[in-house]
Amino acid sequence: MREEEKKPTSTIRRILKQRWALSAIYIASAALILAAAFLLQNSFNDSAKDGKEESAETGKNYGEPSVEVNSNLETIKMPVADADKSVIKKQFYDVNADEKAQEEALVFYNNRYEQNKGIDIAMEDGKSFDVKASLSGNVTKVQDDALLGNLVEVEHEDGVVTRYQSVKDIKVAVGDKVKQGQAIATAGKSQINEEAGVHVHFEIRKDNIALNPLDFVDKQASAIQSATEAEADKETPAVEGSEADKETPAVEGSEADKETPAVEGSEADKETPAVEGSEADKEETPAVDETDESTDLESGTDEEGSVPGEDTTEESDSLKDSLNQSN
């Protein structure tokens, strides 16, 4: 038994005594360490990528104001508790309606007519009632006004505002957050529309433009944004660009060319033709005179054809003859 136990230990010692044993152990250990480090690094990279993608998704809308998630999904309601028992005393003034409907939507006050920018709601029995918030939002204005019958204004998303006029016993203040269906005031009267009696004047505005509330009752608030975008597209059609092109057509350049045609230069040439210079040369210094004078000078003769040297010789000969005779 002792001999069998000694055999493994002796084998290990014999291997360790070899020169290559320690270097082989170091190389194998280093390889295992590097492999473990490589596997750990890959696992860290995968987890880092997942974290970046999640942070990018969560921080996509960073810096934008926080809004209520379901506020734009609310269905617009009438500002009364029981819409079935309500009546509309005066309709919204619609520019596309017929003349009769437009006349009924005018408010007469102080000897002049005003277009009704909302709807005037009252109860069938003419009694007072609680005015409810049509949509959830923030109260931005509370105003005492005898002419309008006091005013409460609630602001919503995307530039949408609801207004409640002809109210009393106001229950909210500026800065309050109200929920849909919450009582904000009590119906009252106004001087501008005394015919309506006890009522509430209800308006819906988008970017300070009055809209017909009946067009959006029982619809989601997002329908207001869609409707206004469709109206904006109608007001600015794509064909307007072609109208601008018609104002400045490309043929105008040809008209300018017609005003200063290229043939004008030829007219100027006609006024000062090249033949005028030759006529002036003929009148001032004709070429024939110069040639005649040069021939006379070279030949040494005068106009009669005589030579000036011959006269002087004849005179000298006559003097000699006269001297000889005297001697």
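Arg112 pairs with Glu114 in a salt bridge, with 3.1 Å between the closest N and O atoms; the term covers a side-chain nitrogen of Lys or Arg within 4 Å of a carboxyl oxygen of Asp or Glu. Glu114 is partly exposed, at a relative accessible area of 31% (buried is under 20% relative accessible area, exposed over 50%, and partly exposed in between, with a 1.4 Å probe and protein chains only). The model is predicted, so local features need pLDDT of at least 70 and side-chain atom pairs count only at pLDDT 80 or more, while totals for chains, interfaces and linings use all residues. Residues are numbered from 1 along each chain as its sequence is written, and side-chain values use heavy atoms, with hydrogens and water left out.

In total, the structure holds six salt bridges. Another of them joins Lys85 to Asp82, and here the closest N and O atoms are 4.0 Å apart. Asp82 counts as partly exposed, with 30% relative accessibility.

Helices (H or I, at least four residues) and strands (E, at least two) are DSSP runs, numbered from the N terminus. Arg163 is buried, at a relative accessible area of 14%, and Glu153 is buried too, at 15%. The two residues also take part in a network of salt bridges that links Glu153, Arg163, Glu203 and Arg205.

The largest pocket has a volume of about 680 Å³. On a 1 Å grid over the protein atoms alone, a pocket is an open set of points where a 1.4 Å probe fits, with protein on both sides within 12 Å along at least five of seven lines, and lining residues have an atom within 4 Å of a point. Grid points are joined across faces, edges and corners, and the volume is the space filled by probe spheres set on the points.

The lining of this largest pocket comprises 22 residues, with Ile209, Ala210, Leu211, Asn212 and Glu231 nearest the centre. Two or more lining residues come from each of β13 (209-211) and α4 (222-235), and α4 gives the most, with six. Sorted by class, the lining has nine nonpolar, six polar and seven charged residues (Ala, Val, Leu, Ile, Met, Phe, Trp, Tyr, Cys and Pro count as nonpolar, Asp, Glu, Lys and Arg as charged, and the others, Gly among them, as polar).

On the surface, Ile12, Leu16, Leu22, Ile25 and Tyr26 make up a nonpolar patch with about 520 Å² of accessible area together. Such a patch takes residues with over 30% relative accessible area and no salt bridge, its nonpolar side chains (Val, Leu, Ile, Met, Phe, Trp, Tyr) being joined within 5 Å; accessible areas come from the Shrake-Rupley method with a 1.4 Å probe, and for residues only the protein chains shown count as cover. Both α1 (2-16) and α2 (19-58) give two or more residues to the patch. The largest share, three residues, comes from α2, whereas Ile12 lies in helix α1.

Asn110 is not a glycine, yet has a positive phi of about 55 degrees. Asn110 is placed in the loop between β2 (106-109) and β3 (112-115) and is exposed, at 60% relative accessibility. Asp169, also not a glycine, has a positive phi of about 50 degrees. The loop between β9 (167-168) and β10 (177-178) holds Asp169, which is exposed with a relative accessible area of 52%.

Key
Patch = residues over 30% accessible without salt bridge, like charges linked within 9 Å, V, L, I, M, F, W, Y side chains within 5 Å.
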